[in-house]
Amino acid sequence: MPVALLEMAGITKSFGPVLANDNVSLTLYPGDILGLLGENGAGKTTLMNVLFGVYTADAGEIRINGERVRIRNSADALRHGIGMVHQHFHLVPCHTVLENLMVGRKGRGGRLNKKTVLESLERIKERFGLFVEPAALVGDLTIGEQQRLEIIKALIRGARVLILDEPTSTLTPQETEGLFEALRAMSDEGMGVIFISHKLQEVRAITNKVVIMRRGRVTATLDEVENVSRHKLAELMCGHEITPPVREPVTPGEVLLAFKNVGTGGTARSRLKGITFELRAGEILGIAGVSGNGQKELSDIISGMAMPEAGNLEIKGRVVDRISPRYVQRLGVGRIPEDRMEIGLITALPLKDNMVLPRIHEPRFSRKGILKPRAILDFTVQQMKVFDIRAPGPEVRTGTLSGGNLQKALLARELAWDPLVLLADQPTRGLDVAAARFVHQNFLELRRKGRAVILISEDLEELFTLSDRIAVMYEGRINGMMPISEATVQKVGLLMAGMEAAA
Amino acid sequence: MITFRMEPREHTPVWLNALLPLLAVLATLVICSGLIKMAGASVFSAYAILFKSALSSKFNLVETAVKATPLILTGLAVVVAFRAKFWNIGAEGQLLAGAMAAAYLGALKGMPGWSLIPLMILGGAIAGAIWAVIPAVLKTRYKVDDVVTTLLLNFVIDYGMMALLNGPWKDPLSGYPDSPDILPAAEFPILLKATRLHLGVVIAVVATLLIWFLARRTTLGFSITAVGENPKASRYAGMSVAKVIFLAAAISGGLAGLAGVGEVGGLHFQVMAGISPGYGYTGIVIAMLARLNPLGVIPAAVFFAVIITGAEAMSRATGVPVFLADVIQGTALVTMLIALLFNQYRIRFKKVSHA
């Protein structure tokens, strides 16, 4: 047996009474692509933070090439050949690719050495087929290119073990395939990869072994995954069986929301150009597309954060002439924003405050500017029960809730007012299977009640399960719209990449 | 070898929240004891004299309360502003604006006597509010940094006041830079015979309760906290961030203005150079010590009032310079900021064995 590239043995880490990692072990041999699976709060992030020196483990040890090491910070990790690509990139957008690659690297005599960096960039291109034009500004790169740059950055710094946190959530299917080819090349060279993901299909496609975590412990280590069904993997993650949601047939009703030739400002790629569509009662409209192609601009208009520069937004046949967050809410738009931690909720406030945040002036919660604390509390407790929000109580600081519970809280808040139209922007990003399922069921329930949902998502599987129609956005336009019966992953993927719809 | 590192806390225990300000005060006193030692006095007796002189007799207690009055109001002013993350460093200037308005209105002839005190209170609050609203509008409309504008407006009004005192308001007899005295009917009533306990003390306490109510029980207080914690999410929820910051600034400036009104109406009956020995700046320290909790402002302000009034007696008895009071104030800010760090982080010690 060869020496393991990386061994984490018996890692235990607790936060107060919570055992985030309980005797977790994993081993990565040269050539391994290891899938790390688990629900949110299962302890994956804690484990990786221990590996990167963000936290110190209470017990357990880390061995690299058979030798015990101590990692106190990310610089230590890099020195030991461990590189990580986070979900959120750490790049300087106003600098060039080359400059970003040189950040934090000292050349001989303190001088930065452009030539060596360019040479290593060339070598990485030959070895793994990964390349980004060094003179390009990072701000101009697509998300896929930025991710490639992050991987190159880790490789140039000498990473032998590469950790990817949810790497495919922002890629087109074709880009994902390109990433997988590079990962296979790394594996062939004897490097190791840890692949953190919720997408079971991809985990099965790319990894050769899987470690599944649940509640801080390793519940299964599988040395081969191809013959393990997705249902089995999901079950191992959640501890119970997950059945796919059922979409009953619903006849679309009246038009609830319409875009009429809407245009906005923004970057050349993202600003909307002549967006026109209708959303009918009892319909879920899926919006696919690589992020940065106008989805944010679209959701900003529906959620009242921006005015269109051209064209109209109509709700129930009426032109919305003064768009503001308060006004669109009054017209019956419910909103689940992309960034629940920064935009949707105020994490520093108690849960009960967030539950009434947009509705604080409703007579139910205040009268003549004086709050009704009792009503706010009762409402929160009731919604916590209905939506199964797991929190110590209504007074808990919202930021301490897990991702799934945060999203349930947002749903509980928005659905309490029975919206006509629900805008859901990446509603299940970062959620585990069970929480995502819960969100989906709520969308289908709205659909059944004759409401409408606009679902903006980068998760094609989600779009295909829920949508009645799929619209694909590319460079601020709707590059194609089709009923779900005519949609295929291949077709949507090509439209996402800007190909013309085949007539 | 033992090393330590900071780790983020998942939860902050309740007792810690109450304990931290006390620990900060204790640490301040310990740190400053070095200076007392250097001044050649006994640490213990110096502190004993300091606290005893401020808290011992009825007279001294009243003096401490009178001293605490402007501090409570400037402390509250900073609490309201900082809760909205409107960095009002300008309570000092807003206090002067309130004081000048009170001195002007209190000397108005031809007004019914009963109307003077309400007029001073209202006018002083409005003057302070205007002086605070200017930087708020600059911030929300033109994104001008509020720390800079609120701070610099202090100097603008300070020099403006000096120009006034050396010009139109100069005392014609003595030639001192003192404004004309307010009318006797404008002087704040004294609440306790033969002391200086004036109406301003009541105003400060009532203001504290009102601000507590505002912060905890009103939609405006709710919005101020929300905007302070996350303006983007507040806007998304449908609040007008600019309006909320404007109102927070107006309330903040109004409170600081009231501090100035109290000094004029209750103590000095005129405006003169040095009417505020930095009450506005001390208000910042008090607000931090109170952890932006309105009810915490009273104990924090009283603590500083004790230090300021006690420092003189201590100086007389032990020869330690009165400037120790300033050092204690500054040190308290630093220790409190450090204490707040422990609110969010914990220290973990770890034994390290080198292989």
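User: What makes β13(A) and strand β20 (residues 452-456) of chain A a pair?
Analyst: Four bridges join the two strands, which run parallel. Strands pair if DSSP finds at least two bridges between them, so β13(A) and β20(A) are called paired. Within β20(A), A:Leu455 is the bridge partner of A:Gly286. Strands here are DSSP runs of E with at least two residues, helices are runs of H or I with at least four, and both are numbered from the N terminus.

User: What kind of model is this, and how are its parts labelled?
Analyst: The model is predicted: local features need pLDDT of at least 70 and side-chain atom pairs count only at pLDDT 80 or more, while totals for chains, interfaces and linings use all residues. Residues are numbered from 1 along each chain as its sequence is written, and chains are lettered from A and ligands numbered from 1 in the order in which they are written.

User: Why is strand β13 of chain A called mostly covered?
Analyst: A residue is buried if 20 or more other C-beta atoms, placed from the backbone, lie within 10 Å of its own; with 12 or fewer it is exposed, and in between partly exposed. In β13(A), residues 284-288, five of five residues are buried. A:Ile284, A:Gly286 and A:Ala288 are buried on one side, and A:Leu285 and A:Ile287 on the other.

User: What makes β16 and β22 of chain A edge strands?
Analyst: The open sheet of six strands has the order β16-β19-β20-β13-β21-β22 in chain A, with mixed pairing. β16 (333-336) and β22 (477-483) each have a single partner strand, so one side of each is left without a neighbour in the sheet.

User: How do you know which strands helix α15 of chain A lies across?
Analyst: Contact requires C-beta atoms, placed from the backbone, within 7 Å. Helix α15 (residues 433-448) lies across β13, β19 and β20 of chain A, running at about 145 degrees to β20(A). Helix α17 (residues 489-496) touches β13, β21 and β22 of chain A, and its direction makes about 30 degrees with that of β21(A). Such angles run from 0 to 180 degrees between N-to-C directions, with axes fitted to C-alpha atoms, for helices over the stretch in contact.

Technical notes:
Two residues are in contact if their C-beta atoms, placed from the backbone, lie within 7 Å.
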